[in-house]
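Student: I'm new to this one. Can you walk me through it, starting with its cavities?
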Amino acid sequence: MPKETLLELKDLHTHFFTDNGEIPAVNGVSFSLDKGEIVGIVGESGCGKSVTSLSVMQLVPNPPGKIVGGAINFKDENIVNAAQKRMKQIRGNEIGMIFQEPMTSLNPLFTIGNQLIEAIRFHRKISKKEARQESVDLLKLVGIPRAEGVIDEYPHQLSGGMRQRVMIAMAMSCDPDILIADEPTTALDVTIQAQILDIMRDLNRERDTAILLITHDLGVVAELCERVIVMYAGEVVEEGSVREILKDPQHPYTKGLIRSLPTLHGDDQKLYSIPGTVPKPGMKKAGCQFAPRCEFAFDRCFKEEPELYELGKSRTSRCFLYDKKEGDAAKHAESTFGS
Ligand SMILES: Nc1ncnc2c1ncn2[C@@H]1O[C@H](COP(=O)(O)OP(=O)(O)O)[C@@H](O)[C@H]1O
Ligand SMILES: [Mg+2]
């Protein structure tokens, strides 16, 4: 069966207009998400992951932020400039979103039930009683024990993990085609994190909900995603299937992210971290943005910007090592890279 593309970003540019100048936080990002697929966006903090997802929802704070170029195709519609009325329909009804800190998205003054019922009745004309029953079902769907009791509790009465489940229930209340999850497990401890990832995997299987999972943690991507987009300094630097990327990373930045993953055996070893820091988007230099931190960088990397080289089907890398012209450098990298 041919894949149905649900969401397609094409050369998206989102800038912030600040006192310190124009900041290109998202700088020409393109990728797509198919029906029922789970795609990860990974990169260190400050790489533009959240601004990318907020752009899809038209939730970038404006001012100072603004989408200044590109297209966001949702099904057959370019929603980059969609009217607020249309965006309200899309948010919650067609694309659901959850964030890192569920407390900030839940109203502390209302019970879980009040908020779920309101979310359900916002889009559909059903009775309060029916909406309440659906709310209980949703809480059960996301694995909340004693859902009949929790529905009358307030957010502060729940643990962080339970609140995140409620947020997922809220996002799922209108059975969206896409769930965007921005660092959904970052604030949670590992056991709870694993449970939340399980819930998202189940939702994907049972309801065929496509998931765009945004995280700084490649380990989380490895758990849940089929395909991954690696972002650095507002750009996509590598794309591929999770299997290929973990086995055979093609960008030095991805290689560094993999090396930074805690290993099962080496818990007494000092954890590797990529030297240096993500450049502030306002401070862009000539050449490859990763060059100053890259152990393979050569002259050209500091002068010219690499394009996103196509390495295969849905397999790309923004690195001169994959430019055919750089035969020797690429060979050198391959010999050092494989380790
Ligand atoms: N409200 C804002 N005002 C100005 N700049 C912002 C704002 N929000 C984000 N940015 C810029 O966008 C960059 C990318 O941010 P973000 O998408 O949140 O990164 P990530 O989610 O990958 O950690 C930040 O480094 C910052 O420079
Ligand atoms: Mg973020």
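Tutor: E235, G287, C288, Q289, E305, P306 and R318 line the second largest cavity. It's a predicted model: local features need pLDDT of at least 70, side-chain atom pairs count only at pLDDT 80 or more, and totals for chains, interfaces and linings use all residues. Residues are numbered from 1 along each chain as its sequence is written, chains are lettered from A and ligands numbered from 1 in the order in which they are written, and side-chain values use heavy atoms, with hydrogens and water left out.

Student: What makes E235 a lining residue of the second largest cavity?
Tutor: A cavity is a set of points, on a 1 Å grid over the protein atoms alone, where a 1.4 Å probe fits but cannot get out, and lining residues have an atom within 4 Å of a point. E235 is listed in that lining, so E235 has such an atom.

Student: How much space lies in the second largest cavity?
Tutor: About 50 Å³, taken as the space filled by probe spheres set on the points, which are joined across faces, edges and corners. The largest cavity has about 90 Å³, and P252, C288, C294, C301 and C319 are the closest to its centre among its 14 lining residues.

Student: Why is the contact of K49 with ligand 1 called polar?
Tutor: A polar contact is a pair of N or O atoms within 3.5 Å. A polar side-chain atom of K49 lies 2.8 Å from an oxygen atom of ligand 1, so the pair qualifies.

Conventions:
Polar contact = N/O pair within 3.5 Å; in protein donor to acceptor, adjacent residues only side chain to side chain. 1 Å grid on protein atoms, 1.4 Å probe; cavity = no way out; pocket = protein on both sides within 12 Å on 5 of 7 lines; lining within 4 Å.
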